[in-house]
Amino acid sequence: QIQMVRGHKGLPSLKGETVALIIDFIYREDLNAYLWTVICQQCGEYVVGVRDTEADSFVKSHNKICGPVIFEKKGE
């Protein structure tokens, strides 16, 4: 469970706002890899247990597609 809060700062730069977040991870010793859980707070889509590049891609695409929906409205 995460608190649904809009307007998180983009990491690691702390610039801009983000709706998609990496919220959790596990380390899989058998894969020698971290697997991430990501969520988009705008559309509600989430993915559990993905590798670095897939998690980054999810965050970038949802911030590009879903982010403008709320951030443009906020300024009106």
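Q: Two strands pair if DSSP finds at least two bridges between them. Which residue in E5 is the bridge partner of Ile-39?
A: In E5, Ile-39 has Tyr-46 as its bridge partner. The labels come from DSSP runs numbered from the N terminus: helices are H or I runs of at least four residues, strands are E runs of at least two. E4 covers residues 33-40 and E5 residues 46-50; the two run antiparallel and are joined by 3 bridges.

Q: What kind of model is this, and how are its residues numbered?
A: This is a predicted model, in which local features need pLDDT of at least 70, side-chain atom pairs count only at pLDDT 80 or more, and totals for chains, interfaces and linings use all residues. Numbering starts from 1 along each chain as its sequence is written, and side-chain values use heavy atoms, with hydrogens and water left out.

Q: What is the average pLDDT of the protein, and which element has the lowest mean?
A: pLDDT is the predictor's confidence in each residue, on a scale from 0 to 100. The average over the protein is 81, and 68% of the residues score at least 70. Strand E1 (residues 8-9) has the lowest mean among the elements, 61, while E5 has the highest, 96. Where pLDDT is low, the predicted coordinates should not be read in detail.

Q: In what order do the elements run from the N terminus on?
A: The order is β-β-β-β-β-α-α, from 5 strands and 2 helices.

Q: Which residue in the hairpin of E4 and E5 takes a positive phi?
A: Gly-44 does, with phi near 90 degrees; the hairpin has 5 residues between the strands. Asn-32 also has a positive phi, near 50 degrees, and is a residue other than glycine. Asn-32 sits in the loop between strand E3 (20-28) and E4.

Q: Is Asn-32 buried or exposed?
A: Buried means under 20% relative accessible area, exposed over 50%, and partly exposed in between, with a 1.4 Å probe and protein chains only. Asn-32 has 60% relative accessibility, so this residue counts as exposed. Over the protein, buried residues make up 26% of the 76 residues.

Q: How many aromatic pairs are there in the whole structure?
A: Rings of Phe, Tyr and Trp (its six-membered ring) pair if their centres lie within 6.5 Å; planes under 30 degrees apart are stacked, over 60 edge-to-face, and the rest tilted. The whole structure has 4 such pairs. In one of them, Phe-25 and Tyr-34, the ring centres are 5.6 Å apart and the planes are at 65 degrees, so the pair is edge-to-face. Phe-25 is partly exposed at 44% relative accessible area, and Tyr-34 is partly exposed at 39%.

Q: How many disulfides does the count come to?
A: A disulfide is a pair of cysteine sulfur atoms within 2.5 Å. The count comes to 0. For Cys-43, which is in no disulfide, the nearest cysteine sulfur is that of Cys-40, 3.8 Å away. Cys-66 is in no disulfide either; its nearest cysteine sulfur is also that of Cys-40, at 3.7 Å. Cys-43 is partly exposed, with 43% relative accessible area, whereas Cys-66 is buried, with 9%.

Q: Which residues form the largest nonpolar core?
A: A nonpolar core is a set of buried Ala, Val, Leu, Ile, Met, Phe, Trp, Tyr and Cys residues joined through side-chain atoms within 4.5 Å. The largest has 9 residues: Val-19, Ala-20, Val-38, Cys-40, Val-50, Ala-55, Phe-58, Val-59 and Cys-66. H1 gives the largest share, 3 residues.

Q: Which residues is Ala-20 in contact with, leaving aside its neighbours within four places in sequence?
A: Contact means heavy atoms within 4.5 Å. With those neighbours left aside, Ala-20 contacts Ile-39, Cys-40, Val-59, His-62 and Asn-63. Ala-20 belongs to strand E3 and counts as buried at 3% relative accessibility. Its C-alpha atom is separated by 9.4 Å from that of Cys-43, 23 residues apart along the chain.

Q: Where is Thr-37 found, and is Thr-37 buried or exposed?
A: Thr-37 is in strand E4 and is buried, with 14% relative accessible area. Beyond its neighbours within four places in sequence, its contacts include Leu-21, Asp-24 and Gly-49. Val-38, not counting residues up to four places away in sequence, touches residues including Leu-21, Tyr-46, Ala-55 and Phe-58.
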